[in-house]
Protein chains: 2
Amino acid sequence: MSIDKDHITIYDIARKAGVSIATVSRVITGKSCVKDETRIKVENIIKKYGYEPNLIARALHDKLTNTIGLLVQSLTNPFFIEICNEAEIYARNMDYTMMIGITTNKFEMESKLLNLFEKRQVDGFIFLGGRINEVNPDEYLIEEIKKFSERLPIVFVNGKINYKNCYIVKTDEAKAFKKLIDYTISCGHKFIGLITGQRGLWPTEEKIEIFFNALKENNMEINNDWIISGEYIVESGSESMKKILKTNKRPTAVLCTNDVLAIGAMNEANKQGLNVPNDISVLGFDDIFISKYFIPGLTTIRQDYVNLARIAVDKIINHINGNFVERVTIIDADLVIRESCRKIL
Amino acid sequence: MSIDKDHITIYDIARKAGVSIATVSRVITGKSCVKDETRIKVENIIKKYGYEPNLIARALHDKLTNTIGLLVQSLTNPFFIEICNEAEIYARNMDYTMMIGITTNKFEMESKLLNLFEKRQVDGFIFLGGRINEVNPDEYLIEEIKKFSERLPIVFVNGKINYKNCYIVKTDEAKAFKKLIDYTISCGHKFIGLITGQRGLWPTEEKIEIFFNALKENNMEINNDWIISGEYIVESGSESMKKILKTNKRPTAVLCTNDVLAIGAMNEANKQGLNVPNDISVLGFDDIFISKYFIPGLTTIRQDYVNLARIAVDKIINHINGNFVERVTIIDADLVIRESCRKIL
DNA sequence: TTGTATGCGTTATCAC
DNA sequence: GTGATAACGCATACAA
């Protein structure tokens with residue numbers, strides 16, 4: 001085949017088949033009726049020359065690119081990675097391509113990417129991390145999202161911005177974190193600390209509230225020296241644990257609002273010669289891939305990555321296709337018991 | 001501003017400015033000369049109406065999309081993730097957008113993605129994992145790469161397929177692994193095992209060869225029961241360590257051809273009640289993010305992710321711009337000494 | 001059922 | 001220095 005595939009157009013096929021380009025187009029899209037005889041003739045020519053429609057030209061006409069923009073805070077947090085991984089594979093399976101933009105947790109970068117990807121005519125956005133986690137985001141951040149959501153479907157994964165045009169798929173983090181606390185208490189722990197990431201984010205504030213409520217319900221001591229906030233990075237988990245271990249009395253268990261923090265916390269405890277879980281128990285949230293293999297295995301909450309990702313993609317595609325889309329979907333998460341939380345006899 | 005930005009075209013601007021679309025286009029591209037007076041007039045109108053050129057239309061004309069296709073084997077191996085992360089951020093900084101395709105290490109998927117992304121008119125490919133690591137790939141896998149590389153720049157990250165049109169950026173893995181072995185030996189280890197991923201891949205075979213040579217050079221015992229191959233996943237590292245620990249005499253140190261395996265190996269040693277590094281030392285390769293925080297911290301080789309990623313992107317962009325591009329770039333990697341390898345007195 | 005003609009929004013060629 | 005117009009490749013409204 002000496003013909004360069006790149007340069008075969010609908011015109012070439014039409015000429016070879018002795019029909020008009022309209023007919024060829026009809027055959028390709030399959031939307032309109034074409035007489036069987038001509039359809040087969042055209043199909044054969046298409047096959048013979050290996051013709052493939054030019055997706056750019058099609059996008060120019062249709063205003064649709066079969067592309068989804070994935071705006072993710074970073075690829076350093078394994079939770080985000082799992083979502084990206086599953087979302088890409090699933091989306092492509094549904095005939096969509098993923099454009100990825102890493103915002104490095106900068107709101108300006110989110111804005112730039114929203115604009116850039118809109119210019120690239122993505123058919124929808126998936127938002128992962130960033131402003132959607134803010135408890136009190138600046139008004140303009142919300143306004144911007146609203147503006148875009150008028151034109152394109154936007155899905156937040158684990159986000160909380162509530163606006164009529166925005167879709168949400170999220171883990172029931174409150175319920176899941178309550179499970180984690182209840183389990184810890186059921187193991188006999190009476191002195192429990194809490195390590196969190198940034199204040200002012202939903203994944204943090206929600207869990208802090210649940211934590212306080214649960215301890216009160218159980219008439220347990222709330223020691224503010226054992227409640228340390230930082231960032232959602234390993235080093236911060238270590239730092240927070242260090243602070244907790246400096247207090248006069250140390251807790252028997254420390255809950256972390258995510259696994260990354262828990263790993264930092266375990267690392268620090270270990271450095272100080274403490275054994276997890278014998279000297280101090282540590283629990284996490286997310287069940288990132290390494291948590292299973294850490295020593296000791298981390299007891300944590302497993303978020304349902306696969307469904308979070310797939311539902312996010314489905315919402316976009318269904319919206320595009322004009323199907324009904326549930327605005328908010330909430331998913332349960334399971335407790336994963338490993339070795340990092342000791343049962344106190 | 002009541003006008004919908006989406007629908008402003010070059011025609012609107014031309015009309016408002018009282019010039020032709022050609023002039024507006026000249027102002028936008030900046031390639032041809034326009035009288036200062038008219039240029040300023042047009043620029044003002046553009047600003048006033050917030051006009052932005054339609055990138056799809058431009059792509060249809062130019063055959064360029066300012067998009068790079070990133071074909072990655074999986075987002076489960078942290079090494080790949082680091083590259084993706086850096087590549088996306090850097091590429092966008094250079095005004096390119098990243099399309100990501102996860103091949104799940106299936107060659108057919110690589111083929112599909114090559115074709116799909118070419119139809120989407122990416123301006124180049126970055127290849128991460130997959131067939132480019134095969135020591136003896138099927139001929140058709142090579143032919144396909146050759147075919148695509150005639151039309152588009154393709155960069156392999158740590159790949160070895162040698163073809164005149166393909167670019168390569170890679171860590172000098174042989175040299176780096178030699179460093180790792182030399183260090184292990186310098187710590188006094190005389191009985192050393194090796195855990196690898198799949199046979200038939202360069203990152204495996206090359207290291208096995210280095211391993212044998214180094215041991216011979218040092219007149220050390222080569223015990224084939226201590227050389228176990230599997231897959232590049234954590235579980236495989238555990239399994240391999242299990243096999244090594246079943247042998248009569250156990251090595252004092254085990255080298256792993258990547259960190260993922262090392263983590264599995266350490267986990268297994270630990271499960272069997274052995275302390276790393278006191279009972280057995282474990283060393284890795286890659287320095288994935290968790291290796292620093294693992295207990296004990298993993299002694300390993302740090303690949304220069306940032307440069308690997310940036311050089312890959314640069315090669316693509318320079319090729320597109322018609323600049324000279326070095327076909328192969330080889331990067332050194334450093335030994336990172338942590339706690340997982342014990343010094344024997 | 002099929003063909004013609006037009007639009008999609010650019011850039012570039014060629015006149016003027 | 002500027003404008004008219006073709007070209008990029010497709011999809012579709014309308015006409016036949």
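This is a predicted model: local features need pLDDT of at least 70, side-chain atom pairs count only at pLDDT 80 or more; totals for chains, interfaces and linings use all residues.
User: Which residue stands opposite Val157(B) in β4(B)?

Analyst: Leu128(B) does. Residues are numbered from 1 along each chain as its sequence is written, while chains are lettered from A and ligands numbered from 1 in the order in which they are written.

User: What makes β3 and β4(B) a pair?

Analyst: Two strands pair if DSSP finds at least two bridges between them. Strand β3 (residues 124-128) of chain B and β4(B) have four bridges, in the parallel sense, so they qualify. The names come from DSSP runs: helices are H or I with at least four residues, strands are E with at least two, and both are numbered from the N terminus.

User: Why are both faces of strand β4 of chain B called covered?

Analyst: Ile154(B) and Phe156(B) sit on one side, Val155(B) and Val157(B) on the other, and all are buried. Buried stands for 20 or more other C-beta atoms within 10 Å of a residue's own; 12 or fewer is exposed, and in between is partly exposed, with C-beta atoms placed from the backbone.

User: What makes strand β5 of chain A mostly covered?

Analyst: Six of its six residues (166-171) are buried. Cys166(A), Ile168(A) and Lys170(A) point one way, while Tyr167(A), Val169(A) and Thr171(A) point the other way. Strand β4 (residues 154-157) of chain A runs parallel to β5(A), joined by four bridges, with Val157(A) opposite Val169(A). Strand β11 (residues 328-331) of chain A also runs parallel to β5(A) over four bridges, and there Lys170(A) faces Ile330(A).

User: How do you know that the buried residues of α4(B) line one face of the helix?

Analyst: Those residues are Leu55(B), Ile56(B) and Ala59(B). Seen down the axis of α4(B), they fall within an arc of 100°, so they line one face. The arc is taken from the directions from the helix axis to the C-beta atoms. As for partners, the buried residues of α4(B) pack against α4 and α6 (107-119) of chain A.

User: How do you know that the two copies are related as by a two-fold rotation axis?

Analyst: Chain B superposes on chain A by a rotation of 180° with 0.0 Å of shift along its axis, at an RMSD of 0.1 Å. The copies are thus related as by a two-fold rotation axis. The superposition is by least squares on the C-alpha atoms of residues with pLDDT of at least 70 in both. In chain B, Met99(B) comes closest to the axis, with its C-alpha at 2.3 Å. Met99(A) stands opposite Met99(B) in β2(B), where strand β2 (residues 97-102) of chain A and β2(B) pair antiparallel over three bridges.

User: How do you know that the copies meet through the same surface?

Analyst: 100% of the interface residues of chain B are also interface residues in chain A, so the surface is the same. In all, 34 residues of chain B are in contact with 34 residues of chain A. Chain B's side has 20 nonpolar, nine polar and five charged residues. Here Ala, Val, Leu, Ile, Met, Phe, Trp, Tyr, Cys and Pro count as nonpolar, Asp, Glu, Lys and Arg as charged, and the others, Gly among them, as polar.

User: What makes up the surface near DNA strand D?

Analyst: By class, 13 nonpolar, eleven polar and five charged residues. Near requires a C-beta atom, placed from the backbone, within 6 Å of the strand. 29 residues surround DNA strand D, and Thr9(A) and Ser20(B) are among the closest. α2(A) gives the most, with six residues.

User: And which residues are closest to DNA strand C?

Analyst: Ala22(A), Cys33(A), Lys35(A), Ile10(B) and Asn54(B), out of 28 that surround DNA strand C. The elements giving two or more residues there are α2 and α4 of chain A together with α2 and α4 of chain B.

How values were computed. Two residues are in contact if their C-beta atoms, placed from the backbone, lie within 7 Å.
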